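Dear colleague,

Please find below the structure that I am handing over to you. My notes on what was found in it follow directly after.

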Amino acid sequence: MEFLQHWLRPGMTVIDIGANLGVYSILMARLVGRNGHVFAYEPGSETRSFLARSRELNAVENLVVSPLALSDRRRDGFLVFGSSSELNALGDCGSGEPVRIASLDEEDAIRGWSSPDFIKIDAEGEEERILAGGRDFFTKHSPLIMFEIKAENKMNENLRLLFPKMGYRLFRQLGDAPILLNVDAQEPLDPYELNLFAAKPDRVGLLSEQGFLVDAVSHWSPDLIDQTIVKRFCQTMESLAPIKSGAGTRADSEYSDCLAAYAMWRYADQPLERRVAALAFALKGLRALCSRAPTAERLSSLARVAWEFGARAESVAALQRLLQSAQKIQIGEPFLPVHSHFDNMILSEERNNSFISAVAEQFERSSNFSSMFGGGSGVLPWLCTQPFVGIEMERRRVLCLARAGQRPAVPPRLCKLHSGHRNADIWRSGKVPGTSIGPSKSGRNEPCSCGSGKKYKHCCGSHA
């Protein structure tokens, strides 16, 4: 989503195969504007009705919603319902509904697409047949393609082989940045990787010219460090300031080079290829340092750099190591906070507590795709008692309790409008399923369900 918000332009033509509720379709329709077009394919009738309603509410008249499922040929089929709508898939038996199926080549002939710019393919195992039913389409056109590479716990290695045979090269998004990075067909993918991108050489060249793609990671050396850039970056973050103690700052030259390389990555005025190379250098260096001489500060920096490079599993592993040693942490050298969310973290006499709170929050955000699927992490209840915690964590805690049938009371914090909490009216009106406005089921004199440890009447009793 982060990439598409930067790359899509007014006037573009987009095809969304497996649109589901329209999280992508609605946004893309806004981004391509009135002169652009989004063709969304969603065979599920209930899901499609929500998409149609969202289309109406958002007044995106350039969004065309089709009831078809796409595959290798035109026929009648059956959509089997999954545990949630994004897991619906074509099949033979089970609870579901009959659907009509078409191919991409047939739709291309009917609609007369001139030159589609982007295609999203998320079809729960139907991807290979969609490619088979779009041979002419993919030969004739040169869109950027985003496709699901992982369904449940399995990587679809066949897709990684099929696209190169069709003349398309493979790329992945670089962490959260709107940048695509080349992926070799044999390169192991991060276990958290859900989608890859595919593009023909002409599209690759255009994306590279526009500053959205790096074809290969080049060599980078500490000799290229611009101390002015590094100094300017360090001034933006208290955690990077030299720490004064009797022994002085412990940061050695190798670690300093890694932090300086990260500063180069963050400096937008540098050429993109040089920035990405600096980020890769920082990751490689921090890996080596944390392998032989791990400290809390270096593990924090590794978690940050690995996340931004798209090595999410490695980032989560570093966060786990930090949580396991939380009681022993003593900050004594500069470090990168585990995520940019915490760059303005105040490091005072509660330095260690704010540090571990940031680690716990980032672990909660990143260890699962969503707390809906994995539940809250073990650190979530403690985290929500900390003064530094973000409001998103409070929402997660309450929703996890609600899903577990505990009917938690909505704490006052979720009843107030906030830049990171825009639907406070829904929370304070009691419309969030499984929650209550007032005391928990056990009563006003019992511990409050917000996790503060206080009695309800002294905590969230203001709701009564």
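F3 and W7 are four residues apart in helix α1 (residues 2-7), so about one helical turn separates them. Helices (H or I, at least four residues) and strands (E, at least two) are DSSP runs, numbered from the N terminus.

This is a predicted model, in which local features need pLDDT of at least 70 and side-chain atom pairs count only at pLDDT 80 or more, while totals for chains, interfaces and linings use all residues. Residues are numbered from 1 along each chain as its sequence is written, and side-chain values use heavy atoms, leaving out hydrogens and water.

The structure holds 14 aromatic pairs; rings of Phe, Tyr and Trp (its six-membered ring) pair if their centres lie within 6.5 Å, and planes under 30 degrees apart count as stacked, over 60 as edge-to-face and the rest as tilted. The ring centres of F3 and W7 are 5.8 Å apart and the planes are at 20 degrees, so this pair is stacked. F3 is buried, with a relative accessible area of 1%, and W7 is buried at 2%; buried means under 20% relative accessible area, exposed over 50% and partly exposed in between (1.4 Å probe, protein chains only). Ring pairs also link F39, W113, F137, F138, F147, F163 and Y168 into a cluster.

Two arginines should be noted as well. R172 lies over the face of F309, 5.1 Å from the ring centre, and the charged end of R298 sits over the ring of Y255, 4.9 Å from its centre. A charge sits over a ring if NZ of Lys or CZ of Arg is within 6 Å of the ring centre and within 35 degrees of the ring normal.

Yours sincerely
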